[in-house]
Every structure is written in C-alpha cells, then in structure tokens.
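The following note concerns the charged side chains of the structure shown below. Please read the points alongside the model.

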Amino acid sequence: HNITSIYRKRERKMNDSTNDISSPSKSRRQQNHVLNEDDVDPITITANDAILTKLSASQMGYYEDPFLPFLAKDAVGLTSSSSSSHTVSSRRSTSTSTSSLFMGNDPQRSGEIGRRFTQSSSLYTSTTSSSAGTRASFWNENCTHCAADERSTTTTNIVGHMPSSKRVSQQQTHQPVIRRGTHARVCVVDYAITNFLSLCDDCHDVVEQVQIVILGSGRDTTYLRSQTELLHSRMKRSSSTVGNKCKAKWYEVDHRSVIQNKYNLLCSCPLFDFKSETVLGHDSKEILVSFKITPQRIRVALEETSVYDTTSYEESTTMNDSCPPILDPYYLISYNLLHSFQYLLQDMEQQYDFDRNIPTLFIMECVQMYLPQSNSCEILQTLTGTCRYPFLAIFDPIIQNDPFGRIMAQNLAKARITDSSMSLLQTRTLKEQVDKLYQCGFVNVTGCDFYGAYEMVLSKEDRIRANRMEMLDEIEEWILIMRHYCFLVASGGTIISNNNTHDDKEEDVTMKAILRAYCSVEEGNIFGFSQPKCMKRVFTTTTT
C-alpha cells in the first residue's frame, strides 16, 4: 500500500517535470542541461552513458579497468560528460543520474527515451522506510563500508594518472545505486564470457578456436580487459596454460558513428598499440567504415614495465609463467541492427574471417529492448538457423505489469518511440523472454531476474568488494530496479536442428555437452545458478 502511494506521488512529480521540460520558456540551466538531438548524435549520447557509468564505478574501486579514462574521453551522455581523457565532470545533478541504470549501450535506441527516463528518474527513487529484515539479509556477508583512505588505495593502480579532485567529481556524478547496478552488470557479462572460454578451453583437443561477438558494443572495454586478464573469472586463463587455450577472435558491432569514434579513441589511447586496416562496406542506405585491428602491445598502466604483447604460438608454449599471452585479433564493424542480420553475418564471413561453424558467443546488453520484435526475432532465428554452435548472453529490462513497470512503459509511450510492435513491450516478463528465445530456436535457455543474478552469478568476493566501496542506503530501491532486469543464457544451433544424433562425430558430442553445460542449473554448474531462482527451457520440456 505504501509503495503504491509512493508511485502515485512520483507519477504526479513526473508529469510536472515533463510539463516543465516541454515549456520553451525554461532555460537550459532550469532544464538540468537536457541534451537535444541537435546538440550531439543521440546514438553517440546513449553509447557514452554506458562508458561514463562504468568509469564512475571503476574509479570508486568496484572493479579494475585502466582503459576507461581513455575510452571515456570527451564523452557527453545524458547524465554526465568528460572533457578529456583525464577529467570527467558532471553535466547533471545527482538527483537525475538514476537514468543511467536504464540506459544500455545499444546503438539503435533514441535519445528521446533517455530524456524522458532522465526527467522521470524521481519515480525510481524509493522513499519507503528501511526494512530491517531486508537490510540484515543484504549485509549478512560481514561486508562493511571501507574508510576513504582504504578505498583510494584500492583504486590507485586504476586511475593513478588522473587528478584526485576529478576522480571525486566523477564519483559524485552518479548515485551509489547506479554504481552498484553497473558493477553487477559488468561482473555478469564478464562471467558470461569467461565461462564460455573456460568450457571451450577444457575441450581444447576438440575446440581449437572460438569467436565472441558483442552487438551494440559502444565504447565497451571488454576486449582490452580480456587481453590483460582483468575480466571477472572463476578460472584465470594464465600464460602457463597457453597451449591448452582456444584461440579467440573478437568482433564488436555498432552504428557507424560509434565505431568510428571508438576507433579514434583507441588510436589515441597510450595503453594500446596496434596496426589496423580500414574496410569499406555498405548497406542499402549508407557507406560503412569498419576496421581490422592487429594488436601489438597492451599496457595496464602508463608506468607499467611489464606489458602484454603479441607473441608467436610456438614461442608462447615454451616460455615460463611470466610470458605475455597471445593477443587475440579484433574487429570493429559498422552496421545498423535494424537491417538484415543475415546480411551482416555474410559480410563478416567475406571480409572479417568470421566462421559460422565454430563456437561463437553473442553478447546483447540492452539491445533487444529498443528493437522491433520482428527485428529481434530475425536476429535470434538467424543465429540458431545458420550458426552451428551459437551461444547467447542477454542483459535486458523486463518491465512486467506492476506499478514500476507501468511507469516505465508510460514514459516510453510519452516519448513517442514505442508501440505494440517493440520488443520491450512484447517481452515484459522473464517467462516471455525465455519463451521467445526457445521459440526462436535456442534449445537450452536459462534466465533469472538481475537480483537473482547478483546473488548467484557474482562471487561472494564480488559482493564483498562492492559493499566495501561505499554504503548503499537505497537497498529497497536497488532491489526493485534489479528485479526489473534479467540475465539470460542460451545455446542451440544447426547442430541441434539437424538432429543427426546417431551420426554424431566426437566433436559434435563434445559440443552438445558444452551447449548444455553453458545453460545448466544442475548442482555445481558453471554460473552458480540455483534452480528455484531460475526459469529454464530445454528442448520440448515445460518451463521450470
């Protein structure tokens, strides 16, 4: 009853705020510096939001990412901005930064969505009294708030080259609830990748090479962190086991403006040395500029003496534990996901050494939510219908049918960019998300809400570290937000649809086992899934 009352009050505040923003008499200062589409490309703006919230979380010490200050250079988002690779300053008040948690790194969404979410962010700030039981449960891992000097020690090696005053400024730009959610998102996606690599490494006699494709990548630094062993992982891919590792190829796909900007940022990043080749492509409407990158050296700090660089496979297998690992090839591909996904895969095969017949993990973070349902299903069906061993990891909102979700849907409707055809409105619940993947051909599907993912997928050490970085007072609000996002993993492909079980080769038998293991909820599974907290579909069995 109290929560319903709060929603009603905040809905009135949102309406008042919307009316104020729509008034032409309001100055930019009175409008909290809301960015117009004419100011900056909205696709670039929303891609920047993700990198800025990650930068804030990393600077606070939630996780290590020395590349963020350089990839966030000159970023202008809906909630904050940076004027250089060394300074990031607030463009918005902290009271509106909650919108960042609702903004993914999808290149296809509109800047109008972000403006509406930003203006209605007060709707997502719970003012209910604290529940002693909830708080006791949340803090029951003996996780206490760290002193400021203890936190600064944790982050010194990450952003030591940045002025401390600027670090504080950026940390204050986003609320703790934003940093906590961003950290959880980074961890879960990291585990989706490292678990995939670990499963394939365990079968290196059969699986020699894999691929990772990040759709809607934005300014993401996952590739750079993967090459410097900074991804969250339950088993490090150390150089001592280089002979037992699968070779990997990395692909990032995004709108052409985002890809071009990211390439320019990588060129100016002093931590990353590489050679590149420009590739011109096109679709039905525009010329697309993409890049083949051959990495040569990656440093984790400007003053770092030991570096990660390219080494031949023969040399790596004979070196000691201190030798640098091989750097994986890297491709930045311009493409609009509203266009044919089948054409994208064909182009990747022809120009970027993409192979549909080897294990491939596709990552989609907040990409489906702004695609029409038909486009979303076309992407999924193309994966299962043309790739032999596709794996999929998804992070997406689930607006559900409760007051919180209805407010989200109302904001999207007021932005005039959603209708009944949009994927976000077609898949409101976790069950609908799971069923959609299953109906599109994925035969192993497991999903959970994001608070469940926080409890199961993140390690105890991840949660302890997050709790030590800063106090989180808005626990009920944070849990409510997390319940309206989901994490899903799926697998399938033509190896299953062909259904030639009796004629399976050793490779196919092994790969089917890996496909099942990636989505398993059995005891000891690789993600830490607990069956009562998950929803799963396998072949023709009913949802559990």
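1. Glutamate 208 is located in the loop that connects helix H8 (176-202) with strand S3 (209-215); helices (H or I, at least four residues) and strands (E, at least two) are DSSP runs, numbered from the N terminus. With a relative accessible area of 60%, glutamate 208 is exposed (buried means under 20%, exposed over 50%, partly exposed in between, with a 1.4 Å probe and protein chains only).

2. The model is predicted: local features need pLDDT of at least 70, side-chain atom pairs count only at pLDDT 80 or more, and totals for chains, interfaces and linings use all residues. Residues are numbered from 1 along each chain as its sequence is written, and side-chain values use heavy atoms, leaving out hydrogens and water.

3. A salt bridge requires a side-chain nitrogen of Lys or Arg within 4 Å of a carboxyl oxygen of Asp or Glu. The count by this rule is 14 salt bridges.

4. Arginine 356 pairs with glutamate 349 in a salt bridge, with 3.2 Å between the closest N and O atoms. Arginine 356 is buried at 8% relative accessibility, whereas glutamate 349 is partly exposed at 34%.

5. Within helix H16 (residues 430-439), lysine 431 and aspartate 435 are 4 residues apart, about one turn of the helix. Their side chains form a salt bridge at 2.7 Å, N to O. Lysine 431 is partly exposed at 42%, while aspartate 435 is buried at 11%.

6. Lysine 533 and glutamate 455 form a salt bridge at 3.3 Å, N to O. This pair links distant parts of the chain, 78 residues apart.
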